[in-house]
Structures are given as structure tokens and as C-alpha cells.
Amino acid sequence: MKTLSIPNDILIPQIKRVIDEGKSVTFLVKGYSMRLFLDNNRDKVILAPFEKDKVKPGDVVLAEVSKDVYVLHRIIKRTADSLILKGDGNIKGTETCRTSDVIGIAIGFYRKGRNRPDLVTGWKWKAYSFIWQRLSPVRRYILAVYRRMKRKN
């Protein structure tokens, strides 16, 4: 099956429209910032509507971090109306946005071509999230080994 690549300036408004209608949407992940576990043009994310006051650290969200710049990253810190985001594949660097800039929250992922999604409510995803967030000081080494392995394959 051929995959159609749609530019973000067209895709994101459509994703927002569907989520604003109260429906979920599934799309292919672009980029490497959520590596190790979500990979460019391989994995899919399921985004859903959410309650802005209930997003919390650990949640993965699609958000506009500056004019027409969107990221699918994990919330690492929340203050009243401000969120600090960081990609799982990022060694350093964060983005900041308001809760009103969040378009949708990830409720599941199709990884490595699987037909059934890994839901964020499942024990595997919760364990991964918990462990990976605490490995921040050694992510650099884990990601370096992963990249070398990917290049060899």
C-alpha cells in the first residue's frame, strides 16, 4: 500500500478539525524526536480529544510550540496553563506551550507494523514511559547505540 505524504500546513488543520468534532485520528509519525520507540515513517499515533485541565506530565501530545511549528512530544512539566515538552529521542532541549496550544493527546500507537495498537493505558506503555523518563541522564548513550544499530540494518 502506497503512503501519501501530506505537508503539515494541510494535515494539522484537518487533524484539529476532526479532534474538535470529538473524534480520534490516526496518522503516520514524521521525524525522529520520539525515537527510540516511535520512528519516522514507520509508526502511527492515535490522537484523541482531551480535557485541557487533565493533561499531565507523561502524556504525549501534539502541540503548536510556535507559529505553524508542531511537535508530538511528551509533557515533562506542567504549571497552571504552561506545559514543558520534550521528545523521547531528544537528549536536551525542550519546548514550551500553553494548554490551549495542544491539539490532541495520544491514546495509542501502532508500532513496527503491528495491527493492534499499544494503548497508553496498557502496562507496557506505562512501564516504558516511567523508565524512559528517568533515564534522561543516560539517554545519550542508549540513543547512540540505537542509531548505530539502525545504520547497520
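Author: Two residues are in contact when they have heavy atoms within 4.5 Å of each other. Please keep in mind that this is a predicted model.

Reader: Good to know! Let me start with Asp-39: which residues is Asp-39 in contact with, leaving aside its neighbours within four places in sequence?

Author: Asp-39 is found in the loop between β1 and β2. Its relative accessibility is 3%, and buried means under 20%, so Asp-39 counts as buried. Beyond four places in sequence, its contacts are Val-29, Gly-31, Tyr-32, Tyr-146 and Lys-150.

Reader: Tyr-146 makes me curious about α3. Which residues are buried in α3?

Author: Happy to show you that helix. α3 covers residues 139–152 and reaches 20 Å from its first C-alpha to its last, close to the 20 Å expected at 1.5 Å a residue. Its buried residues are Arg-139, Leu-143 and Tyr-146.

Reader: Why can one say that the buried residues of α3 line one face of the helix?

Author: Take the buried set Arg-139, Leu-143 and Tyr-146 in α3. Seen down the helix axis, these buried residues line one face because they fall within an arc of 60°.

Reader: And which residues of α3 are exposed on the other side?

Author: The buried residues of α3 pack against β5 (82–86) and α2 (123–134). On the other side, the exposed residues of α3 are Tyr-141, Arg-148, Arg-151 and Lys-152.

Reader: Within what arc do the buried residues of α2 fall, seen down the axis?

Author: The residues to look at are Trp-125, Tyr-128, Ser-129 and Trp-132, which are buried in α2. They line one face of the helix, so seen down its axis they fall within an arc of 100°.

Reader: Now for the whole chain: what is its radius of gyration?

Author: The chain has 3 helices and 8 strands, in the order α-β-β-β-β-β-β-β-β-α-α. For 153 residues the globule rule gives 15 Å, and the chain comes close to it, so it is as compact as a globular protein of that length, with a radius of gyration of 15 Å.

Reader: What share of the contacts between residues at least 6 apart joins residues at least 24 apart in sequence?

Author: Of the 153 residues, 38% count as buried. Among contacts in the chain between residues at least 6 apart, the share joining residues at least 24 apart is 51%.

Reader: Which element gives the largest share of the largest nonpolar core?

Author: The largest nonpolar core has 24 residues, and those with the most contacts inside it are Ile-15, Val-45, Leu-47, Leu-62, Leu-72 and Phe-109. The elements giving two or more residues to this core are α1 (8–20), β1 (25–28), β2 (44–48), β3 (60–66), β7, α2 and α3. The largest share, 5 residues, comes from α1.

Reader: How many residues does the second, separate core have?

Author: Leu-47, one of the residues with the most contacts inside the largest core, touches residues including Ile-15, Leu-62, Leu-72 and Ile-105. Ile-105 is included in the second, separate core, along with Val-61, Val-71 and Val-102. The size of that second core is 11 residues.

Reader: Where is Asp-101, buried or exposed?

Author: Asp-101 lies in the loop between β6 (95–98) and β7 (102–110), and among its contacts beyond four places in sequence are Leu-62 and Glu-64. Its relative accessible area is 15%, and the cut-off lies at 20%, so Asp-101 is buried.

Definitions and conventions
Residues are numbered from 1 along each chain as its sequence is written. This is a predicted model: local features need pLDDT of at least 70, side-chain atom pairs count only at pLDDT 80 or more; totals for chains, interfaces and linings use all residues. Side-chain values use heavy atoms; hydrogens and water are left out. Helices (H or I, at least four residues) and strands (E, at least two) are DSSP runs, numbered from the N terminus. Buried means under 20% relative accessible area, exposed over 50%, partly exposed in between (1.4 Å probe, protein chains only). The expected span of a helix is 1.5 Å times one less than its number of residues. The arc is that of the directions from the helix axis to the C-beta atoms. The radius of gyration is taken over C-alpha atoms; the globule rule is 2.2 Å times the number of residues to the power 0.38. A nonpolar core is a set of buried Ala, Val, Leu, Ile, Met, Phe, Trp, Tyr and Cys residues joined through side-chain atoms within 4.5 Å.
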